[in-house]
Amino acid sequence: MENSNKTIEVTDLVKNYGRTSAVNGISFAVRKGEIVGFLGPNGAGKSTTMRILTGFMHATSGIVKICDIPVAAHPVAAKRKIGYMPENNPLPEELRVREYLKWRAKLKEIPFRKRRKRIEKALELCDLKRASHRIIGRLSKGYRQRVGIADAILSQPDIIIMDEPTIGLDPHQIVMIRDLIASLRGRMSMIISSHILPEIEMTCDRVIIINGGRIVAEGTPDSLRKDFIDTTVYQAEIQGDLTSLKENLAKLDDSLEITGNGNADTEGFSEIQIKGAANQNQSENILQHLTNIPNLRVRALNKHKPTLEEVFLAATKRSWDTLLPDTDPDESTFINQS
Amino acid sequence: MRHFITLLKHELRVLLISPGTYIAAILFLIVMGFVFQDYLTESINASRKHSPGAEFIRSFWLPVFFIVPLLTMKSIAEERRTGTLETLMTTPVTPIEIVLSKFSAAYLYYICLWIMTFSFQVVLYYFAQDPKLIDPAPLIGGYTFIALSGFLFISIGIFSSSLTKNQLVAAILSFAMVFIIIIVGRNLTDWFNQNGNHPLLLRQIVEYLQIFQHAEDFTSGVVETRPVVFYLSGAAVLLTFSIFMIETRNSKN
């Protein structure tokens, strides 16, 4: 069967709140063992999509299948396949960490014989062993976040959905979560939404960028770069005359553009950016050319790798441009603001 | 119903470890102690038809007005506000199990509070040694009435709590509903009796809302099936509505 390795399949998902639509015809699929990052500005429909996937919310229309089980028709069976950590990670304040996980293990129908082992395993993976007897209400944000993640992975489900798991964590804990996610790679499919874009880039196999309730970009970080970044930027540190440099570089390739403030540091070097055509690496040519120019000293040249942030900004900006024509003016300004 | 016991155990544990439970119980006993003492003094000064124990049960409305809203306002509203309802609803748990466990925990606590008031009767019997003061039949009937009407009152509270995520709104809602069902029912009958010529159906509906009359009957030892059906079916309807509210309200806001 073609579908058998798809753990999540979403077709034409629509969710309306009254007259405003939060999700507007999203379709995607997640393969087994794949880690997918959800990106989007606030109010883009990420959390709504995740909530519909988990069966907590009902969609207005569209089909969501979890391991080939339609969520709307068999919510309980679908919920058994999912470990979910909501936004803001709500936890009961009065319980101890181990008590909470024990209760959750029962609710998640983990058989009695495996329960203890699974709890130990989750505590260990999330580095919570020492905190297992503390009361959740008195834990710091980082610990609480890890309790939420421990709960999500507790039953070792086929699918893990986490809504902003790294929010409020310090860099050490972020590295820990990243290692944790990496250790689960291949065994479980994961959907992670985050605002910390380097995180997504490091952990996710594929990125889905949502804006205004629609998917505006989808693919690996590298393929997104190719699609959305239309220039290649080289950074150089030089000493010499900028105007003559422009003329000289035009001989090499007249599409090259030079920008730079020309403020020299104490040694007389200044930083400039050279913009060239996308999807080709001209570093070598430029370097050779620069060193051949008389009266010009080059200290450094490197090709700037666009961050996912730039891709994100480009993708969401472009999607607003395409959204404008087919929505009525009032609604589109609303989307822009939200 | 696989998770009902797990959920109920959790609810009871949360009740037992929170200090508020005990404070509420002590305050309840103090207030009810004063009420009981008041009936005792009265029965000394003027001889009455009923034993002080039965009279005491008849003042059920006083604790119901303040205890039921306070006891139930948190149950679903708080979970909805903090978001723990979301983590609960994404496990293989059905809304039926959630509502029933919340209801059962609140009901058990409510009944425990009332059982503790039985100690008043024991103390009275121990010191008075007068069989006239202690009449077992009205007491059995009275506590049966408390247990039965508790189903309706607590489910009113649970239903109000399922409507909103604001505890205060839930409390005021359940207070208003309990008030209407206890006081307005009686006033309407009085009013109907004064001005006749009303549709039979309306009269029949209002005739069911005789909670004071039910209390009177039960404490006199008259146990009828009509009130039993009234309280149980009322509770069932309200709990069903609560289940619907939990299922549908997630999809909004």
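In what order do the four strands of the open sheet in chain A lie? Select chain A of this predicted model and find the sheet: the order is 2-1-4-5, and the pairing is antiparallel.

**Stop 1**

Begin at the edges. Select residues 20-31 of chain A, which are strand 2, and residues 69-70, which are strand 5. These are the edge strands, and each of them pairs on one side only.

To see a facing pair, show Lys15(A): opposite, in strand 2 of chain A, is Val23(A).

Next select residues 46-53 of chain A, which form helix 1. Helix 1 of chain A lies across strand 1, strand 2 and strand 4 (61-66) of chain A. Its direction is at about 120° to strand 1 of chain A.

**Stop 2: strand 13 of chain A and its partners**

Move along chain A to residues 270-277, strand 13. Select strand 11 as well, residues 231-239 of chain A; the pairing of strands 11 and 13 is antiparallel, over eight bridges. Within it, Ile274(A) in strand 13 of chain A has Tyr234(A) opposite.

Strand 12 of chain A, residues 257-259, also pairs with strand 13 of chain A. This pairing is antiparallel too, with three bridges. Show Thr259(A) and look across to Gln273(A) in strand 13 of chain A, which stands opposite.

**Stop 3: two helices of chain B**

Switch to chain B and select helix 7 (residues 95-128) and helix 12 (residues 225-249). Their axes come within 9 Å and cross at roughly 130°. Because of that angle, helix 7 of chain B is oblique to helix 12 of chain B. The crossing of these two helices of chain B is right-handed.

Which residues of helix 7 of chain B meet helix 12 of chain B? They are Pro95(B), Ile96(B), Ile98(B), Val99(B) and Phe103(B). On the side of helix 12 of chain B, show Leu239(B), Ser242(B), Ile243(B), Ile246(B) and Glu247(B). The residues of this contact comprise eight nonpolar, one polar and one charged.

**Stop 4: where the chains touch**

Finally, display both chains. How many residues does each chain give to the contact? Chain A gives 21 residues and chain B gives 20 residues. On chain B, select helix 1 (4-17) and helix 6 (84-89): each supplies at least two residues of the side that touches chain A. Colour that side of chain B by class, and there are 13 polar, five nonpolar and two charged residues.

Definitions and conventions
Residues numbered from 1 in each chain as written. Chains lettered and ligands numbered in written order. Predicted model: local features only at pLDDT ≥ 70, side-chain atom pairs only at ≥ 80, totals over all residues. Contact = placed C-beta atoms within 7 Å. Nonpolar A, V, L, I, M, F, W, Y, C, P; charged D, E, K, R; others polar. Pairing = 2+ DSSP bridges. Axes fitted to C-alpha atoms, helices over the stretch in contact; angles between N-to-C directions. Parallel < 35°, antiparallel > 145°, perpendicular 65-115°, else oblique. Left-handed = near helix turned anticlockwise from the far one by under 90°.
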